[in-house]
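Let's take a friendly walk through this model together. Have the sequence and the 3D view at hand, and follow along from one site to the next.

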Amino acid sequence: MTGSLSNSALSGAGGVLTIDLNAITANYALLSGLAQPAACAAVVKADAYGLGTAPVARALSRAGCDRFFVALPAEATVLRAAVEDARIFVLGGFVPGSEDCFRETGAVPVLGSLDEIAAWATFCSAEKKRLPAVLHLDTGMNRLGLDAISLERVAADPDLLASFETLLIMTHLACSDTPDHALNAVQLERFKKSAARLPAAPLSAANSAGIFNGADYHFDLVRPGIALYGGNPIPANTNPLTPVIGLKAGILQVRDVGSGDSVGYGAAVTYDRPARIAILAAGYADGLFRNLGTGGPAPGYGARIGDHIAPVVGRVSMDLIAVDVTGIPDHLARRGELADLIWKDFGIDEMGCHAGTIGYEILTRLGTRYHRVYLDGETG
Ligand SMILES: *Cc1c(COP(=O)(O)O)cnc(C)c1O
């Protein structure tokens, strides 16, 4: 609802980002149900996809999630402060210079090269502890993970793994969001064959989309990220997840423009009729991609004001956008009211289409300026 929630809800910010923690835990329940009997971890890298590591991880932990993946050791430090007892895996691995971080958090590195395996073995010997680690096998992504030659070396000399405990062997799918892509089955076969050459350990391959590619991809542990946050894992299908975020921006000013008037930088739009525009307090610094403005890849993005859609006019500025509110009743389109930028029927994936990107990038670029409201009691 737009309306007089506005001024107090904004607390001096330009807009409000609402994060429904109950929707996140409902999504977790759906995904873990689908994955059973495999266990279900949660990927909370990049500040839980921009939604806040601590509140998101605490909610998931209360919902029974006891395994989390982050990208970087520094993210493990933040996560450890929020959840005391969870298992934390670091996808970026034993990043050079991160000894203190691993020592302090007890996080588990995902090791993806011979050098990294050697470095972790050295660390474990120095600590005089047989610490846990995950082995990452590359099966076609060519990003991180042991390549075929490195795998041969490890398979031929299991002593390389003797100083630590291999908790999990994982791979990552390149095309799981396109279930018909031939590389999925290729990666699956390579993963099974490669893992069979190593000392037995639980296996993991599926991100969010991988969970929907069928039980063959589930193995012992699944690693959803985007689906927890309401993103559609398989764009060609309808989204089975519950939307998590709502985004509103305040109206700073409403103004009348006449025929011949242009709006915003570059005078990208010139009116040939009188119109009324509202200036909203959110811009590209708040994750509203410049592509959403005039000239973008999928024109027609608009903010919702009441039941009306107010199309973006002209370029997106750093802190502001203009929307056309001609014909929208004054009591809705007026200074101090809020306009919806993302809402239940227009989510991160739809926004991504209009911006020429994907829901993942929309989420992780929302920025830090919104007043955040966590539905489920937490604030932050
Ligand atoms: C980010 C990431 C995930 C989660 O991916 P989603 O598509 O967001 O579910 C899982 N595994 C690895 C290795 C990742 O990098």
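E11 has the largest share of it, with four residues. Here a pocket is an open set of points on a 1 Å grid over the protein atoms alone, where a 1.4 Å probe fits and protein lies on both sides within 12 Å along at least five of seven lines; lining residues have an atom within 4 Å of a point. Helices (H or I, at least four residues) and strands (E, at least two) are DSSP runs, numbered from the N terminus.

The space in the second largest pocket is about 280 Å³, where a volume is the space filled by probe spheres set on the grid points, which are joined across faces, edges and corners. Its lining has nine nonpolar, three polar and five charged residues. In this sorting, Ala, Val, Leu, Ile, Met, Phe, Trp, Tyr, Cys and Pro count as nonpolar, Asp, Glu, Lys and Arg as charged, and the others, Gly among them, as polar.

A word on what you are looking at: this is a predicted model, in which local features need pLDDT of at least 70 and side-chain atom pairs count only at pLDDT 80 or more, while totals for chains, interfaces and linings use all residues. Residues are numbered from 1 along each chain as its sequence is written, and side-chain values use heavy atoms, with hydrogens and water left out.

Now turn to the largest pocket, which holds about 770 Å³ of space. Its lining is made of 35 residues, and Lys-45, Tyr-49, His-172, Asn-207 and Tyr-360 lie nearest the centre. At least two lining residues come from each of helix H3 (45-49), helix H10 (208-211), helix H11 (348-355) and helix H12 (359-364), with H11 giving the largest share, four residues.

The ligand sits in this largest pocket, meaning that more than half of its atoms lie within 2 Å of the pocket's grid points. Around the ligand are 14 residues, the closest being Lys-45, Tyr-49, Ser-208, Ile-226 and Tyr-360; a residue counts as near if one of its heavy atoms lies within 4 Å. Which side chains make polar contacts, pairs of N or O atoms within 3.5 Å, with the ligand? Among them, Tyr-49 places a polar side-chain atom 2.5 Å from a ligand oxygen atom, and Ser-208 also has one 2.5 Å from an oxygen atom of the ligand. For His-172, a side-chain N or O atom is 3.4 Å from a nitrogen atom of the ligand.

Ala-46 has a positive phi of about 50 degrees, although it is not a glycine.

Notes: Polar contact = N/O pair within 3.5 Å; in protein donor to acceptor, adjacent residues only side chain to side chain.
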